[in-house]
Amino acid sequence: MRADAWGVIYLDCNATTPILPEVLEAMLPWLKDGYGNPSGSHALGRRARGAIDVAREQVAGLIGAKPDEVVFTSGGTESVNTALHCFDRLAGSGRAVVSAIEHSAVLRTVESLEREVWLAPVGADGVLDLERFEAGLAGAAFVSVMTANNETGVLQPVAEVARLGRERGLAVHTDAVQAAGKVAIDVRETGVDTLSLSAHKFHGPKGVGALFVRKGLRFEPLLRGGGQERGLRSGTENTAGIVGMGAAAEAARKFLADGGGGRIAEMRDAFEKRVMASLSGVVANGDPAKRLPNTSHLSFDGCDSAGLLVLLDDAGVACSAGSACMAGKSKPSHVQLAMGIPGKRARSSLRVSFSRLNTLAEAEEAAGLVVRAVEKLRSVQGPGVGPVVVYTS
Ligand SMILES: Cc1ncc(COP(=O)(O)O)c(C=O)c1O
């Protein structure tokens with residue numbers, strides 16, 4: 001029995017997630033009759049404004065923020081760009097300090113700035129090396145370290161990062177796009193200045209995100225214009241998208257409070273257990289404990305990722321090599337390079353990412369199909385890794 005409407009076993013939930021039925025329900029009225037401009041001073045406008053205010057409270061509730069610390073954007077990429085460009089404009093001289101395993105939204109943005117960038121290293125476990133990070137803060141202008149990595153799922157010590165940054169008067173951003181809805185986030189506990197979110201990673205719609213901006217933080221908008229979002233992000237609000245993000249945030253908050261993370265980990269662990277018990281030459285990448293409950297990142301001796309993906313796609317399993325954001329790149333990802341994963345092992349890895357919409361039966365079935373695909377590939381490819389490689393970040 002497969003839960004997905006397409007009849008596939010969808011295990012690419014770090015790339016994107018299906019919209020929850022209640023999220024779609026919440027959005028529909030705002031796509032149909034709720035067309036008023038939220039800035040309008042008539043009843044239609046006021047209604048849309050009211051719906052956005054509710055969504056702001058719901059998103060704030062997911063991350064322990066106050067509603068007026070939430071700025072809606074067009075997605076994770078815009079949130080990250082807004083935070084980092086703001087830091088860049090307001091900081092004095094010095095380097096941008098970001099972890100070596102950041103998503104391209106962070107890496108390409110800091111590379112575009114006219115300042116030096118220092119990539120803080122991670123260990124073989126994929127966790128930021130805090131000692132070297134701290135040493136590297138001398139001469140820093142601002143900091144960005146992700147909450148959880150999109151490829152490996154490894155969780156980063158963001159609270160310590162924020163504390164070290166704060167002690168030096170540095171602004172600190174975290175890209176929490178992958179963590180939100182999968183693990184609890186509390187901006188007060190972590191102490192970051194800004195935090196990026198994207199709705200489609202937690203069963204909301206695509207093209208809408210949010211940036212947490214700590215109250216009192218000096219801020220410069222990236223997008224200027226009509227002064228929406230209290231002047232922090234201009235542009236007519238995407239009412240339906242924002243309402244959908246709010247509903248998804250509320251659903252995620254309840255799901256996590258109800259122990260949902262543990263249920264997802266159960267599926268992921270059952271999948272890994274079955275794969276590991278049936279095959280030799282399998283390595284799990286990244287810290288086995290400090291990781292998102294939904295993510296499995298495995299390397300298979302004697303297989304190439306592209307071949308595996310093709311066989312799994314044929315078998316009706318959707319998953320990914322690394323992450324889907326830059327599919328088609330034929331080299332180990334920068335995340336794997338930063339972790340020191342040898343080339344062959346890096347090129348033979350698979351990222352399998354679950355969500356609340358999967359079932360234990362799907363996890364078991366997918367494990368069996370992965371085992372069959374690996375055996376098939378090994379029988380034709382022998383011990384070496386084939387020439388076809390798809391790599392992603
Ligand atoms: C860690 C991380 N940051 C940022 C993004 C970009 O988010 P969006 O696609 O919503 O712009 C992604 C998307 O994969 C991501 O995984």
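So, the buried residues of helix α1 are Val23, Ala26, Met27 and Trp30, where buried means 20 or more other C-beta atoms within 10 Å of a residue's own, exposed means 12 or fewer, partly exposed is in between, and the C-beta atoms are placed from the backbone. They sit on the same side of α1, because they cover an arc of only 90° around the axis, the arc being that of the directions from the helix axis to the C-beta atoms. In general, an α-helix has 3.6 residues a turn, so residues three or four places apart point the same way.

Quick word on what you're looking at. This is a predicted model, where local features need pLDDT of at least 70 and side-chain atom pairs count only at pLDDT 80 or more, while totals for chains, interfaces and linings use all residues. Residues are numbered from 1 along each chain as its sequence is written. Helices (H or I, at least four residues) and strands (E, at least two) are DSSP runs, numbered from the N terminus.

Back to α1: what do its buried residues pack against? They pack against α2 and α8, with contact meaning C-beta atoms, placed from the backbone, within 7 Å.

Now those two partners. Helix α2, residues 43-63, and helix α8, residues 239-257, have axes that come within 8 Å and cross at roughly 35°. Those axes are lines fitted to C-alpha atoms, for helices over the stretch in contact, and angles run from 0 to 180 degrees between N-to-C directions. From the α2 side, the contact includes Ala48, Ala51 and Ile52, and these α2 residues belong to a set meeting α8 residues that include Ile242, Val243 and Gly246. By class, the contact of α2 with α8 has 13 nonpolar, 4 polar and 2 charged residues. Here Ala, Val, Leu, Ile, Met, Phe, Trp, Tyr, Cys and Pro count as nonpolar, Asp, Glu, Lys and Arg as charged, and the others, Gly among them, as polar.

Last stop, the loops. Most residues other than glycine have a negative phi. His203, in the loop between β7 and β8, has phi near 70°, a positive value, and His203 is buried, with 27 other C-beta atoms within 10 Å. Glu229, in the loop between β8 and α8, also has a positive phi, about 50°.

Finally, Asn294 lies in the loop between β9 and β10. Is Asn294 buried or exposed? Buried, with 26 other C-beta atoms within 10 Å.

Definitions and conventions. Two residues are in contact if their C-beta atoms, placed from the backbone, lie within 7 Å.
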